[in-house]
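Open the structure in your viewer and keep the selection tool ready. We will go stop by stop.

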Amino acid sequence: MLSRERIDAIVHHYGQDILDHEHMEIEKRSLQHGDVTTYEHSLEVARLSVAIADRLRLWNHVNLRALVRAALLHDYFLYDWHDYDDGSHRLHGFRHPYAAERNARTDFEIDDVVANSIRTHMFPLTPIPPKHLEGVIVNVADTASAIQETLASWMSRLLRRKRADAARKRQRRRR
Ligand SMILES: [Fe+2]
Ligand SMILES: [Fe+2]
């Protein structure tokens, strides 16, 4: 089983040029789930994708370079979705995989495995499933990361509110 450090090394080995690209500055400024930026989320999806390939012993079945690059680019839509479609965000869910693929094609040379994995990462919200195993892994890793990041944000908001309530009660008792 690969260590966290080894997984990180693999992600950087295959994706350093993506992580260093100037457009990643947009991802670093854009929030994805809760307090997590799109950049942090994409990095986490890449780490998790490699971890899934490792735990399921899929080394002989996946193209590791394509897997890492698809994961890093799956949300390469390059805007803060909180500013999108007048705040309703409904269309963002359907459209952003296509925007991410378009931007990825502009900034990098991507093959069909990477392009298809980016385009289908929101399945089943979007109708066409991934064609490649790499896409299935990115899809699963993305869903798991999104749930984890959203739950962490809910929990911390809940804990903050509980602490504030408790502090208010203590103050009232002192009066
Ligand atoms: Fe996405
Ligand atoms: Fe994502």
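Begin by selecting Met1, which has 7 C-beta neighbours inside 10 Å and therefore counts as exposed. The model you are looking at is predicted. Met1 sits in the segment before α1 (4-19). Now show what surrounds it. Beyond the neighbours within four places in sequence, Met1 is in contact with Asp54 and Arg55. Met1 and Leu158 are 157 residues apart along the chain, and 35 Å separates their C-alpha atoms.

Next, select α1 and α3 together. Their axes come within 9 Å and cross at roughly 115°. The two helices, α1 and α3, are therefore roughly perpendicular to each other. Their crossing is right-handed. To see the contact, pick Ile7, Asp8, Ile10, Val11 and Gly15 on α1, then Leu43, Ala46, Arg47, Val50 and Ala51 on α3. Colour them by class: this contact of α1 with α3 has 7 nonpolar, 1 polar and 2 charged residues.

Now go to the core. Which residues have the most contacts inside the largest nonpolar core? Select Leu67, Val68, Ala70, Ala71 and Leu73 to find them; the core has 31 residues. At least two core residues come from each of α1, α3 (38-55), α4 (64-73), α5 (90-107), α6 (112-119) and α7 (133-174). The most come from α4, which gives 7 residues.

Last stop: Val68. Leaving aside neighbours within four places in sequence, Val68 is in contact with Ile10, Val11, Tyr14, Gly15, Ala46 and Val50. Among these, Ile10, Val11 and Gly15 of α1 and Ala46 and Val50 of α3 also make the contact between α1 and α3.

Terms used: Residues numbered from 1 in each chain as written. Chains lettered and ligands numbered in written order. Predicted model: local features only at pLDDT ≥ 70, side-chain atom pairs only at ≥ 80, totals over all residues. Helix = DSSP H or I, 4+ residues; strand = E, 2+ residues; numbered from the N terminus. Buried ≥ 20, exposed ≤ 12 C-beta atoms within 10 Å, placed from the backbone. Contact = placed C-beta atoms within 7 Å. Core = buried A, V, L, I, M, F, W, Y, C linked by C-beta atoms within 7 Å. Axes fitted to C-alpha atoms, helices over the stretch in contact; angles between N-to-C directions. Parallel < 35°, antiparallel > 145°, perpendicular 65-115°, else oblique. Left-handed = near helix turned anticlockwise from the far one by under 90°. Nonpolar A, V, L, I, M, F, W, Y, C, P; charged D, E, K, R; others polar.
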